[in-house]
Amino acid sequence: MKYYVLFGPPGAGKGTFAKLLVETRGYYHISTGDMLRKEIAAGTPLGLEAKSLIEKGNLVPDEVVCGMIRSEFAANPGVRGFLLDGFPRTVTQAEALDKMLAEIGKELDRVVSIHITDEEVRRRIKGRALVENRADDADDEIISTRIKNYHEKTEPVINYYKAQDKYVEVEADGTIEENFKKVAALVD
Ligand code: AMP
């Protein structure tokens with residue numbers, strides 16, 4: 001069983017590449033953002049808690065997302081491997097993930113980071129807003145908060161994984177096909 005993290009700022013293409021890896025390699029995709037949006041749509045208590053935070057561009061609490069990841073691992077025992085998309089987003093989450101995997105005698109295989117500039121983040125998120133109808137994608141102020149949170153809370157995760165020698169980075173400056181080739185080569 002393999003465990004990969006697809007890492008990068010909002011709009012980097014993590015979800016797109018994860019879907020292509022599912023189609024071509026049969027991995028199991030876990031997107032905490034997608035799971036939270038489903039909870040919101042279903043009107044669950046967790047969804048209600050997450051809604052106000054997501055709508056402002058803030059992160060939901062570490063315990064909430066760590067619990068979601070733990071249950072996804074437990075619910076899918078026979079898969080070839082997991083692609084984590086949008087998790088971990090804080091060093092606390094990265095530590096919790098290591099602990100979770102150690103408990104079942106596993107460890108993370110690799111963190112594939114997809115790099116784009118802040119300017120590109122803005123451009124892509126605004127493009128996606130038109131297609132996916134996400135309120136957190138449509139508003140400049142919310143996008144700025146998400147970029148700020150990425151730099152302050154998520155970027156420190158890079159050094160955490162560099163110290164474990166598990167971090168590899170892809171410059172996503174080509175077409176989707178070109179960028180996907182680079183990402184897939186690091187997962188194969
Ligand atoms: P995403 O679809 O990955 O861009 O996630 C959308 C929103 O869900 C983020 O802006 C956060 O508010 C929340 N979210 C998703 N994943 C996490 C996570 N691992 N930790 C905290 N908040 C998260």
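**Pockets, cavity and ligand site**

The lining of the second largest pocket divides into four nonpolar, one polar and six charged residues; here Ala, Val, Leu, Ile, Met, Phe, Trp, Tyr, Cys and Pro count as nonpolar, Asp, Glu, Lys and Arg as charged, and the others, Gly among them, as polar. The model is a predicted one, in which local features need pLDDT of at least 70 and side-chain atom pairs count only at pLDDT 80 or more, while totals for chains, interfaces and linings use all residues. Residues are numbered from 1 along each chain as its sequence is written, and side-chain values use heavy atoms, with hydrogens and water left out.

The volume of the second largest pocket is about 210 Å³. Grid points are joined across faces, edges and corners, and a volume is the space filled by probe spheres set on the points. Among the residues lining the second largest pocket are Arg37, Lys51, Glu55, Asn133 and Arg134. The elements that give two or more residues to this lining are H2, helix H3 (45–56) and helix H7 (135–138); helices (H or I, at least four residues) and strands (E, at least two) are DSSP runs, numbered from the N terminus. Asn133 is placed in the loop between H6 and H7, and has a positive phi of about 55° although it is not a glycine. Most residues other than glycine have a negative phi, and most peptide bonds are trans.

The largest pocket has a volume of about 1000 Å³. It is lined by 42 residues, of which Pro10, Gly11, Lys14, Arg128 and Arg134 are the closest to its centre. Helices H1 (14–25), H2, H6 (118–132), H8 (140–154) and H10 (176–187) are the elements that give two or more residues to this lining. By class, the lining of the largest pocket has twelve nonpolar, 18 polar and twelve charged residues.

The ligand sits in the largest pocket, meaning that more than half of its atoms lie within 2 Å of the grid points of the pocket. The ligand is surrounded by 15 residues, the closest being Thr32, Arg37, Asn58, Gly86 and Gln93; a residue is near a molecule if one of its heavy atoms lies within 4 Å of it. Helix H2 (residues 32–42) supplies the largest share of this shell, four residues. The shell comprises six nonpolar, five polar and four charged residues.

Polar contacts are pairs of N or O atoms within 3.5 Å; within protein, one must be able to donate a hydrogen and the other to accept it, and residues adjacent in sequence count only if both atoms are side-chain atoms. A polar backbone atom of Gly86 is 2.9 Å from a nitrogen atom of the ligand, and a polar side-chain atom of Gln93 lies 2.9 Å from a ligand nitrogen atom. For Arg134, a polar side-chain atom lies 3.4 Å from an oxygen atom of the ligand. Taken alone the ligand exposes 480 Å², and the protein buries 96% of that (Shrake-Rupley method, 1.4 Å probe; for residues, only the protein chains shown count as cover).

The largest cavity has a volume of about 50 Å³. Its lining includes Phe7, Lys14, Gly86, Phe87 and Pro88. The peptide bond from Phe87 to Pro88 is cis, with omega near -5°.

Technical notes: On a 1 Å grid over the protein atoms alone, a cavity is a set of points where a 1.4 Å probe fits but cannot get out, and a pocket is an open set with protein on both sides within 12 Å along at least five of seven lines; lining residues have an atom within 4 Å of a point.
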